[in-house]
Amino acid sequence: MKTIDLATAERWLIGWTLSRSVPMPQPCEGGLVVEVGLPTQLRRYVFIDAGPALQACADRIHEPLIFLKAAVEPHTLRQALPARWHVEAPGYLMLGPSEPPHLTATPSGYQVVVDAQPNGHLVRVMHESQEQAASGRMTLHQGCAVFDQIETAESHRRRGLGSVVMQALDAIAAKAGASERLLVATEDGRALYTRLDWQVIAPWSTAVLPGA
């Protein structure tokens, strides 16, 4: 996989902070830091490699619920960290296509609802029972659209609703004049986004000091 520069990581991270309504990232000794301040995540550091800057950062940290993110494979991150760090399942930083994908029809019994929010847009796919079946968010900052929190409820999966959410978010991004689309995918998510012509531009690995 390719490597990325810090500016690309920062564009994604800014979108993530806007989506989650947490403070904007700040430079930190060769990487970036966000004071997340949530019960499940106090702080996150982001680096583009697992070199000396990340290793020095990891050596200093002993508090739980602090995350390290790096654009490297999980095994590379594991080798760079003290044993006390837990490395999570792999992720992927992905870049969206310049041309919108083939449209997926919204299945019968579902409706797409778009809500404009202070930091972006929320797309929800609602079932006729009024249950939320799928959802996703998109933030836009200086021409970069970051897609985040793409989710489909367990009972509504395998009906193409993830694609419906993505195409709705993409239409909003296109209307806003976005020149770049980024997201971080799980292994399962990567399969969906690849079908929509997104491409992996870097691995994305996470380590955390677990809580007590």
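S21 sits in the loop that joins helix 1 to strand 1 (26-28); helices (H or I, at least four residues) and strands (E, at least two) are DSSP runs numbered from the N terminus. This is a predicted model, in which local features need pLDDT of at least 70, side-chain atom pairs count only at pLDDT 80 or more, and totals for chains, interfaces and linings use all residues. Residue numbers start from 1 along each chain as its sequence is written, and side-chain values use heavy atoms, with hydrogens and water left out.

**Positive phi in loops**
- Most residues other than glycine have a negative phi.
- S21 is not a glycine, yet its phi is positive, about 55°.
- S21 is exposed, at 58% relative accessible area (buried is under 20%, exposed over 50%, partly exposed in between; 1.4 Å probe, protein chains only).
- L65, also not a glycine, has a positive phi of about 65°.
- L65 lies in the loop between helix 2 and strand 4 and is partly exposed, with a relative accessible area of 24%.

**Helix 2**
- The buried residues of helix 2 (residues 52-60) are L54, C57 and A58.
- They lie on the same side of helix 2, because they cover an arc of only 95° around the axis (taken from the directions from the helix axis to the C-beta atoms).
- Their cover includes strand 3 (43-47), strand 4 (66-70) and helix 3 (74-80), with contact meaning heavy atoms within 4.5 Å.

**Cysteines**
- The structure holds 0 disulfides (pairs of cysteine sulfur atoms within 2.5 Å).
- The closest cysteine sulfur to that of C28 is in C57, 5.8 Å away and too far for a bond.
- C28 is buried, at 17% relative accessible area.
- C144 is buried, at 3%.

**Largest pocket**
- The largest pocket holds about 1100 Å³ of space, a volume being the space filled by probe spheres set on grid points joined across faces, edges and corners.
- A pocket is an open set of points on a 1 Å grid over the protein atoms alone, where a 1.4 Å probe fits, with protein on both sides within 12 Å along at least five of seven lines; lining residues have an atom within 4 Å of a point.
- Its lining has 38 residues, and I150, T186, D188, G189 and Y193 lie nearest the centre.
- Elements that each supply at least two lining residues include helix 1 (6-20), strand 10 (144-152), helix 4 (161-175) and helix 5 (187-195).

**D170**
- D170 lies in helix 4 and is buried, at 8% relative accessible area.
- D170 and D148 are 22 residues apart in sequence and 12 Å apart in space, C-alpha to C-alpha.
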